[in-house]
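Please view the structure below before reading the notes.

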Amino acid sequence: MTTAICYTTKTGESYLAYETYKTVERAEAEVNTLNATKPARLWNGDKVDWTKVDKFFVVRQEHMD
């Protein structure tokens, strides 16, 4: 299982920011921190344009083999 960190733009579109193997609880804590602190860059170096990004959210993904 992976957890996806996604974001919604102010116009209502949703995009994948990155995937992680963190638990849903840890990913939600990370998302809460992102939304509260509004960093200019993510851990992977990707820039965050907060004039366009509304909020980050978590999506749990289960892979079928």
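The model is predicted: local features need pLDDT of at least 70, side-chain atom pairs count only at pLDDT 80 or more, and totals for chains, interfaces and linings use all residues. Residues are numbered from 1 along each chain as its sequence is written, and side-chain values use heavy atoms, with hydrogens and water left out.

**Strand pairing**

- Strands E1 (residues 2–9) and E2 (residues 14–20) run antiparallel and are joined by 6 bridges; strands (E, at least two residues) and helices (H or I, at least four) are DSSP runs numbered from the N terminus, and two strands pair if DSSP finds at least two bridges between them.
- Ala4 has Glu19 of E2 as its bridge partner.
- The hairpin of E1 and E2 has 4 residues between the strands, and Gly12 there takes a positive phi near 95°.

**Largest pocket**

- The largest pocket holds about 150 Å³ of space; a pocket is an open set of points on a 1 Å grid over the protein atoms alone, where a 1.4 Å probe fits, with protein on both sides within 12 Å along at least five of seven lines, and lining residues have an atom within 4 Å of a point.
- The volume is the space filled by probe spheres set on the points, which are joined across faces, edges and corners.
- E1, E2 and strand E3 (53–61) each supply at least two residues of the lining.
- Among the lining residues are Tyr7, Thr9, Leu16, Asp46, Lys52 and Phe56.
- Thr9, in strand E1, counts as buried at 11% relative accessibility (buried is under 20% relative accessible area, exposed over 50%, partly exposed in between, with a 1.4 Å probe and protein chains only).
- Beyond its neighbours within four places in sequence, Thr9 contacts Tyr15, Lys52, Val53 and Asp54 (heavy atoms within 4.5 Å).

**Aromatic pairs**

- The count comes to 4 aromatic pairs, where rings of Phe, Tyr and Trp (its six-membered ring) pair if their centres lie within 6.5 Å, with planes under 30 degrees apart stacked, over 60 edge-to-face and the rest tilted.
- The ring centres of Tyr7 and Phe56 are 5.8 Å apart and their planes stand at 55°, so the pair is tilted.
- Tyr7 belongs to E1 and Phe56 to E3, so this pair ties together parts 49 residues apart in sequence.
- Tyr7 is partly exposed at 22%, whereas Phe56 is buried at 4%.
- Tyr18 and Trp43 form an edge-to-face pair, 5.5 Å centre to centre with 85° between the planes.
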